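The stops below go one selection at a time.

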Amino acid sequence: MNMHKYEKIWLFFGTGTLLVFLIIVGISAFYMGNQPPSCAVTLDPEKVDEWPPFDEPGLKQIGDNEYQLTVVASAFHFDVGTDDGVVQIPKGATVHVSATTKDVIHGFELVGTNVNMMLEPGYISTYTNTFKNSGTYTLLCNEYCGTGHHLMTATIEVIE
Ligand code: CUA
């Protein structure tokens with residue numbers, strides 16, 4: 001088969017970019033552990049307040065340097081289990097976040113980290129993150145949810 005030189009170059013270029021793309025996706029998924037947030041776990045959105053663990057939002061230690069953070073979102077508030085909306089996490093801790101919403105769709109973005117989920121009524125969104133750097137992280141809602149959307153924040157403090 002006779003192929004023009006430019007056609008060969010394009011063929012190699014196209015195949016090459018496809019391989020590079022698949023390698024990047026593979027490294028991201030299997031080495032860096034970036035997975036799509038799970039939406040397979042459901043609950044009754046009318047009964048969030050009685051549904052463990054959402055009946056007791058907040059931070060709980062579950063192991064050596066390992067924590068469970070349960071968050072209930074509602075318009076226009078994140079219930080993180082504290083009156084002032086601030087959660088303190090020791091530096092280096094691994095935190096398993098479970099979050100859901102009582103009413104409409106909300107966002108769950110922890111600015112400066114990979115934690116970025118959509119909270120949908122009836123579903124439990126989970127993400128595991130290890131906080132390697134100390135500092136103050138803002139938890140914000142990045143899905144427009146109504147007139148108070150811009151006020152919907154909480155704070156995660158990673159302390160030494
Ligand atoms: Cu909740 Cu925007």
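## Start at the helix end

Select Met32, which sits in the loop between H1 and E1; helices (H or I, at least four residues) and strands (E, at least two) are DSSP runs, numbered from the N terminus. Met32 counts as exposed because its relative accessibility is 55%. Here buried means under 20% relative accessible area, exposed over 50%, and partly exposed in between (1.4 Å probe, protein chains only).

Before going further: this is a predicted model, in which local features need pLDDT of at least 70 and side-chain atom pairs count only at pLDDT 80 or more, while totals for chains, interfaces and linings use all residues. Residues are numbered from 1 along each chain as its sequence is written, and side-chain values use heavy atoms, with hydrogens and water left out.

Now select helix H1, residues 5-31. Its 27 residues should span 39 Å at 1.5 Å a residue, and the end C-alpha atoms are 38 Å apart, which agrees. The expected span is 1.5 Å times one less than the number of residues. Just after H1, Gly33 has a positive phi of about 75 degrees.

## Backbone stops

Go to Pro53, in the loop between H1 and strand E1 (58-63). The peptide bond leading from Pro52 to Pro53 is cis, with omega near 0 degrees. Next is Asn65, in the loop between E1 and E2. Asn65 is not a glycine, yet has a positive phi of about 65 degrees.

## Into the core

Which residues have the most contacts inside the largest nonpolar core? They are Phe78, Phe108 and Ile156, in a core of 27 residues. A nonpolar core is a set of buried Ala, Val, Leu, Ile, Met, Phe, Trp, Tyr and Cys residues joined through side-chain atoms within 4.5 Å. Elements giving two or more residues to this core include strand E2 (66-74), strand E5 (94-101) and strand E10 (153-159). E2 supplies the largest share, 4 residues.

Centre on Phe108. Beyond its neighbours within four places in sequence, Phe108 is in contact (heavy atoms within 4.5 Å) with residues including Val71, Phe78, Val97, Met117 and Leu139. A second, separate core of 5 residues includes Leu43, Val48, Phe54 and Ile124.

## Salt bridges

The whole structure holds 3 salt bridges, each a side-chain nitrogen of Lys or Arg within 4 Å of a carboxyl oxygen of Asp or Glu.

- Asp44 and Lys47: the closest N and O atoms are 3.7 Å apart.
- Asp49 and Lys102: the closest N and O atoms are 3.3 Å apart. Asp49 is in the loop between H1 and E1 and Lys102 in the loop between E5 and E6, 53 residues apart.
- Glu160 and Lys91: 3.6 Å, N to O. Glu160 is in the segment after E10 and Lys91 in the loop between E4 and E5, 69 residues apart.

For the last stop, colour Glu160, which is exposed at a relative accessible area of 75%, and Lys91, which is partly exposed at 36%.
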